[in-house]
Amino acid sequence: MNPIAQHVTGIQHIGLPTNDLKKTTEFYQGLGFEVTFETTLPTDYVAFFQLKNICIEAFQAIGAPAAPGKSGAIDHISLDVDDIEATWNAVKAAGYTPLEAEIDSLPYFENGVRFFNIVGPNAETIEFCQIL
């Protein structure tokens, strides 16, 4: 098995930039999604929406350029991994260059998340994420 794939357990979430987090929240709740986590960071307002096995992270930048608001405006695809350090090593060994100098973390959910990103051939960001 591919050394990277052996640590990927599924899609963690799809990152969606928005210019109106309240409107986005109402829209996804109307489709049956539940808000599972909300926070305010120095740079963004963030909300996670869950419907069965689908998770969307919507974020509204604070004082930054507006989200594109057009088709194809997904910011990133996050892959759920079982061991972020082993995934980091496998990604680097396969010749990919993480955007971060080291594995990053955020205070999301109960115990936080650890993650890093690479860029795909179409300028898409792929995030590898472990919820702690």
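**Entry 1**

The model I am reading is a predicted one. I then asked how many bridges join β3 to β4. I counted eight, and the two strands run antiparallel.

I turned next to the other pairing of β3. Strand β2, residues 34-40, pairs with β3 in the antiparallel sense as well, over six bridges. I looked up two positions along this pairing. Phe-37 has Phe-48 in β3 as its bridge partner, and Glu-38 stands opposite Ala-47 in β3. I noted a general point beside these: in a regular strand the side chains alternate between the two faces of the sheet. I also recorded that β2 and β3 form a hairpin, with three residues between them.

**Entry 2. Two residues with positive phi**

I looked at the turn of the hairpin of β3 and β4, which has two residues between the strands. Lys-52 lies in this loop between β3 and β4. I noted that Lys-52 has a positive phi of about 55 degrees although it is not a glycine. Most residues other than glycine have a negative phi. Is Lys-52 buried or exposed? I recorded it as exposed, because its relative accessibility is 76% and the cut-off for exposed is over 50%.

I found a further case in Phe-109, which is not a glycine and has a positive phi of about 60 degrees. Phe-109 is found in the loop between β6, residues 104-106, and β7. With a relative accessible area of 24%, Phe-109 is partly exposed.

**Entry 3. Ile-62**

I located Ile-62 in the loop between β4 and β5, the latter being residues 76-81. I recorded Ile-62 as partly exposed, at 32% relative accessibility. Which residues does Ile-62 contact, leaving aside its neighbours within four places in sequence? I listed Thr-40, Leu-41, Pro-42, Thr-43, Asp-44 and Tyr-45.

**Entry 4. Thr-87**

I moved to helix α2, residues 84-93, where Thr-87 is found. Thr-87 counts as buried, because its relative accessibility is 0%. I asked which residues Thr-87 touches, not counting those up to four places away in sequence. They are His-7, Val-81, Phe-116 and Phe-128.

**Entry 5. Cysteines**

I searched for disulfides. A disulfide is a covalent bond between the sulfur atoms of two cysteines. The count came to zero. Cys-129 is accordingly in no disulfide, with the sulfur of Cys-55 the nearest to its own. I then checked the surroundings of both residues. Cys-55 counts as buried at 10% relative accessibility, and Cys-129 counts as buried at 3%.

**Entry 6. The largest pocket**

I looked up the largest pocket and found that about 350 Å³ of space lies in it. Its lining has 19 residues, and those nearest the centre are Glu-57, His-76, Leu-106, Tyr-108 and Glu-127. Which elements give two or more residues to this lining? They are β1 (8-17), β3 (44-51), β4 (54-61), β7 (113-119) and β8 (125-131). By class, I recorded ten nonpolar, five polar and four charged residues in the lining.

**Entry 7. The second largest pocket**

I then turned to the second largest pocket, in which about 160 Å³ of space lies. Among its lining residues I noted Leu-16, Pro-17, Thr-18, Asn-19 and Asp-20, together with Lys-23 and Thr-24. The lining also includes Ala-67, Gly-69, Lys-70, Ala-73 and Ile-74. I asked which elements each supply at least two residues here. I found β1 and helix α1, residues 21-30. The classes in this lining are five nonpolar, four polar and three charged residues.

Technical notes. Residues numbered from 1 in each chain as written. Predicted model: local features only at pLDDT ≥ 70, side-chain atom pairs only at ≥ 80, totals over all residues. Heavy atoms only, no water. 1 Å grid on protein atoms, 1.4 Å probe; cavity = no way out; pocket = protein on both sides within 12 Å on 5 of 7 lines; lining within 4 Å. Points joined across faces, edges and corners; volume = space filled by probe spheres on them. Helix = DSSP H or I, 4+ residues; strand = E, 2+ residues; numbered from the N terminus. Nonpolar A, V, L, I, M, F, W, Y, C, P; charged D, E, K, R; others polar. Buried < 20%, exposed > 50% of the residue type's maximum accessible area, 1.4 Å probe, protein only. Contact = heavy atoms within 4.5 Å. Pairing = 2+ DSSP bridges. Disulfide = S-S within 2.5 Å.
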